[in-house]
Amino acid sequence: MRAVVCKKFGTPDDLVVEDLPDLTAGAGEVKIAMRAAGVNFADNVMVQGKYQVQPEVPFTPGSEMAGEIMEVGEGVDGLAVGDHVFAGAGHGAFAEQVVVKADKVFKVPSSMDYATAATFVVAYGTSHHGLTEIAKLQKDEFLLVNGAAGGVGLTAVECGKVIGAKVIALASSPEKLEVCKSKGADYLIDYTKEDVRARVKKITGGKGANVVYDPVGGKAFDDALRSTAVQARVMVIGFAGGGVPQIPANYLLVKNLTVLGYYWGAYHQLDPKSIARSNAQLFQWLGEGKIKPHVSMRFPLEETKDALNALLQRKSTGKVVVTNDV
Ligand SMILES: NC(=O)c1ccc[n+]([C@@H]2O[C@H](COP(=O)([O-])OP(=O)(O)OC[C@H]3O[C@@H](n4cnc5c(N)ncnc54)[C@H](OP(=O)(O)O)[C@@H]3O)[C@@H](O)[C@H]2O)c1
């Protein structure tokens with residue numbers, strides 16, 4: 001089978017695509033023929049060797065995918081050869097064949113194509129679970145989203161709108177802000193050009209944002225922290241901009257702010273019921289047409305490095321997908 005392989009930590013350009021031996025499903029596992037794999041910023045961090053759950057080299061990156069079951073391991077119930085499924089893979093998804101634990105595999109609803117299925121769970125799961133279960137975002141609150149046209153950012157905009165919040169979307173270009181607007185964002189700020197604090201103050205009638213959703217870090221986080229309302233909840237989602245923010249505690253005290261460190265993946269062990277609740281709500285919203293996944297770029301498996309570079313170069317909006325149609 002063809003697979004992308006990371007042989008030394010580095011950049012997407014260091015990845016190679018090569019033939020590897022066919023995989024076999026062990027007990028409790030299924031083997032899936034990959035048709036589409038979602039690209040996440042975290043895949044780049046893993047290729048750099050800096051992810052929080054880091055495989056050793058050589059490994060195949062790619063953390064979520066969809067395809068057809070080729071083989072079912074011993075002791076697996078409810079899944080059969082030929083089923084159309086999507087799965088969280090941890091790593092290994094940028095390959096023609098992927099083996100995953102059966103409890104990470106879900107049947108694809110008949111209305112969903114593979115590209116949508118492969119990109120749905122991580123981004124929507126992070127934003128929906130984070131905003132509802134952790135930040136407890138309420139109707140009519142102001143939600144500020146940094147990197148709002150990105151993978152998790154755009155799903156936060158959508159989820160925020162369905163919850164009934166007033167969404168302030170921040171991104172780096174008019175084109176990206178247009179995408180946020182198409183997903184319902186109420187207020188648009190180009191954070192590379194505008195005075196974020198002054199704009200948010202004006203938008204919120206001087207009060208500030210009630211919830212901040214920040215996958216960017218650095219200056220974007222600092223500006224958002226200074227644009228909060230009293231008793232705001234500030235979600236630390238990621239550091240796509242590279243800078244890990246340092247938070248002045250006096251600022252938290254004065255405004256009664258709560259900063260919420262948040263890693264969605266960990267909640268599968270910490271509180272699986274809340275993940276199940278969140279996924280059920282997301283599939284209901286999807287079925288009702290309240291949310292609609294946005295895939296901006298597709299690349300064949302052999303060009304996976306270009307897919308990963310698109311994220312690093314801030315070229316994509318919503319999700320990027322790697323496909324294997326043969
Ligand atoms: N906590 C969790 O559970 C969780 C789950 C999923 C993802 N994440 C994290 O969330 C972050 C975003 O992930 P994603 O998959 O949504 O990535 P993405 O699609 O690439 O979006 C990241 C956004 O960040 C902005 N950005 C600002 N500076 C950037 C830079 N130097 N390089 C790249 N992007 C930059 C870009 O928007 P502008 O150009 O508009 O600034 C971009 O749209 C990552 O740090 C990821 O690890 C965390």
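## Contacts with the ligand

A polar contact is a pair of N or O atoms within 3.5 Å; within protein, one atom must be able to donate a hydrogen and the other to accept it, and residues adjacent in sequence count only if both atoms are side-chain atoms. This structure is a predicted model: local features need pLDDT of at least 70, side-chain atom pairs count only at pLDDT 80 or more, and totals for chains, interfaces and linings use all residues. Residues are numbered from 1 along each chain as its sequence is written, and side-chain values use heavy atoms, with hydrogens and water left out.

Start with W264. A polar backbone atom of W264 is 2.7 Å from an oxygen atom of the ligand. At I237, a backbone N or O atom lies 2.9 Å from a nitrogen atom of the ligand. On its own, the ligand has 900 Å² of accessible area, and the protein covers 89% of that area. Accessible areas come from the Shrake-Rupley method with a 1.4 Å probe; for residues, only the protein chains shown count as cover.

## The shell around the ligand

The ligand is surrounded by 23 residues. A residue belongs here if one of its heavy atoms lies within 4 Å of the molecule. The closest are S172, K176, Y191, Y262 and W264. By type, the shell divides into 14 nonpolar, seven polar and two charged residues. Ala, Val, Leu, Ile, Met, Phe, Trp, Tyr, Cys and Pro count as nonpolar; Asp, Glu, Lys and Arg count as charged; the others, Gly among them, count as polar.

Which elements give two or more residues to this shell? They are α3 (151-163) and α10 (304-312). Helices (H or I, at least four residues) and strands (E, at least two) are DSSP runs, numbered from the N terminus. Both domains take part: domain 1 (2-108 + 299-323) and domain 2 (122-266) each supply at least three residues to the shell.

## Two domains

The domain assignment gives domain 1 (2-108 + 299-323) and domain 2 (122-266). Such bounds come from an automatic or database domain assignment. Between the C-alpha centres of domain 1 and domain 2 lie 29 Å. The contact takes 11 residues from domain 1 and 11 residues from domain 2. Contact means heavy atoms within 4.5 Å.

## Buried residues

T228 lies in strand β12 (residues 228-236). Is T228 buried or exposed? T228 is buried, because its relative accessible area is 4% (buried means under 20%, exposed over 50%, partly exposed in between, with a 1.4 Å probe and protein chains only). The side chain of T228 reaches the backbone oxygen of L225 at 2.7 Å. Residues up to four places away in sequence aside, T228 touches K207, G208, A209, V212, V234, Y251, K255 and L257.

N44 sits in helix α1 (residues 41-47). N44 has 2% relative accessibility, so it counts as buried. Beyond its neighbours within four places in sequence, N44 is in contact with P12, L308, L311 and L312.

## Backbone features

The peptide bond from V57 to P58 is cis, with omega near -5°. P58 is placed in the loop between α1 and β4 (64-72).

Two residues show positive phi without being glycine. K136 has a phi of about 50°, and Q231 has one of about 60°. K136 is in the loop between α2 (114-134) and β8 (142-145). K136 counts as partly exposed, because its relative accessibility is 47%. Q231 lies in strand β12 and is exposed, with a relative accessible area of 56%.

## A loop and a tail

G164 is found in the loop between α3 and β9 (166-171). At 24% relative accessibility, G164 counts as partly exposed. With neighbours within four places in sequence left aside, G164 is in contact with K139 and D140. G164 and A95 are 69 residues apart in sequence, and their C-alpha atoms are 40 Å apart in space.

D325 belongs to the segment after β15 (319-323). D325 is exposed, because its relative accessible area is 65%. How many residues apart along the chain are D325 and M34? The answer is 291, and their C-alpha atoms are separated by 8.6 Å.
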